[in-house]
Amino acid sequence: MIQIRGVSKSFGGTTVLDGLDLDIPRRSVVTIIGPSGSGKSTLLRILDYLEHADSGTVDFGDGPIDLTTTKTAEIRKVRSKIGFVFQNYNLFLNKTALQNVAEPLVYSKGIKPDEARKIAAEQLDRVGLADFRDRYPSTLSGGQQQRVGIARAVALSPELLVLDEPTSALDPEMVNGVLEVIKQLGKEGMTMLMVTHEMRFAYEASNQVVFIEGGHVIEQGDPKQIFEHPHEQRTAEFLSSTN
Ligand code: ADP
Ligand code: MG
């Protein structure tokens with residue numbers, strides 16, 4: 001179990017996260033849903049120290065780590081455990097798909113370039129891009145670019161894969177390929193924390209769904225319970241507003 005405890009964050013005078021607690025069971029897919037502006041991205045960014053929390057800890061099973069820390073060693077430790085897939089892919093545009101996946105292995109894991117290219121090729125095969133290794137991002141579709149982004153994160157063998165609306169920038173016909181890759185990773189036992197506004201996908205791909213509003217977890221449960229029998233009125237209201 002990965003335990004997130006007491007995460008708070010304000011911007012200016014506005015409280016976005018208010019002592020949020022969340023458990024992520026190992027080998028499960030936990031999907032966060034909630035209104036726009038409810039702090040979903042902020043929470044994910046805090047976990048990777050892209051944003052500094054006002055308070056909070058994350059515990060990967062070897063003790064709580066302070067999410068407000070500025071100590072490089074602690075930040076590195078957490079970052080080495082988390083793979084991040086961004087909404088807008090964040091690929092290097094002047095590097096091929098293979099280089100985008102291989103180079104972080106060299107720089108952040110110290111893997112030799114030959115070995116890194118081998119791992120990168122395997123990961124690109126795994127997301128259905130075997131024939132696209134030498135392509136530059138500008139010659140790939142959005143869905144293919146996002147699959148490179150996923151391959152890059154997974155290649156680093158993170159303990160937790162974090163995905164922030166991985167399909168929201170895609171044309172509708174590109175969404176399914178990315179969803180299939182994510183579902184497959186879930187089946188293979190990758191621990192994932194994902195934000196999505198695709199309710200059908202949240203239902204199909206998740207082991208647990210978490211509804212966040214007002215800086216708190218309002219409700220967490222298996223998809224069937226959350227979508228078909230929400231316990232909380234606010235969850236029901238949110239779900240009826242999304243379709
Ligand atoms: P969500 O991902 O749930 O849509 P966000 O986490 O992106 O929500 O944002 C939550 C709130 O925090 C929003 O009101 C947003 O405007 C605000 N916010 C997020 N990042 C910043 C920032 N860097 N500076 C100021 N306000 C921010
Ligand atoms: Mg967001």
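## Burial and overall dimensions

Of the 243 residues of the protein, 41% count as buried; a residue is buried if 20 or more other C-beta atoms, placed from the backbone, lie within 10 Å of its own, exposed if 12 or fewer, and partly exposed in between. This is a predicted model, in which local features need pLDDT of at least 70, side-chain atom pairs count only at pLDDT 80 or more, and totals for chains, interfaces and linings use all residues. Residues are numbered from 1 along each chain as its sequence is written, while chains are lettered from A and ligands numbered from 1 in the order in which they are written.

The radius of gyration of the protein is 18 Å, which agrees with the value near 18 Å for a compact globule of 243 residues; the radius is taken over C-alpha atoms, and the globule rule is 2.2 Å times the number of residues to the power 0.38. Along the principal axes, the C-alpha atoms fill a box of roughly 50 × 45 × 30 Å.

## The six-stranded sheet

The protein has nine helices and ten strands, which are DSSP runs numbered from the N terminus (helices: H or I, at least four residues; strands: E, at least two). Six strands form an open sheet of mixed pairing, in the order β6-β7-β8-β3-β9-β10; two strands pair if DSSP finds at least two bridges between them. The edge strands, β6 (82-85) and β10 (216-221), each pair on one side only.

Within this sheet, strand β3 (residues 29-33) runs parallel to strand β9 (residues 208-213), and four bridges join them. Ile 33 stands opposite Phe 211 in β9.

Gln 3 stands opposite Asp 59 in β4, and Val 58 stands opposite Ile 65 in β5.

In the hairpin of β4 and β5, four residues lie between the strands, and Gly 61 takes a positive phi near 110°.

## The surroundings of ligand 1

The residues around ligand 1 include Phe 11, Val 16, Lys 40, Ser 41 and Thr 42; a residue is near a molecule if its C-beta atom, placed from the backbone, lies within 6 Å of it. Helix α1 (residues 40-47) supplies the largest share of this shell, three residues.
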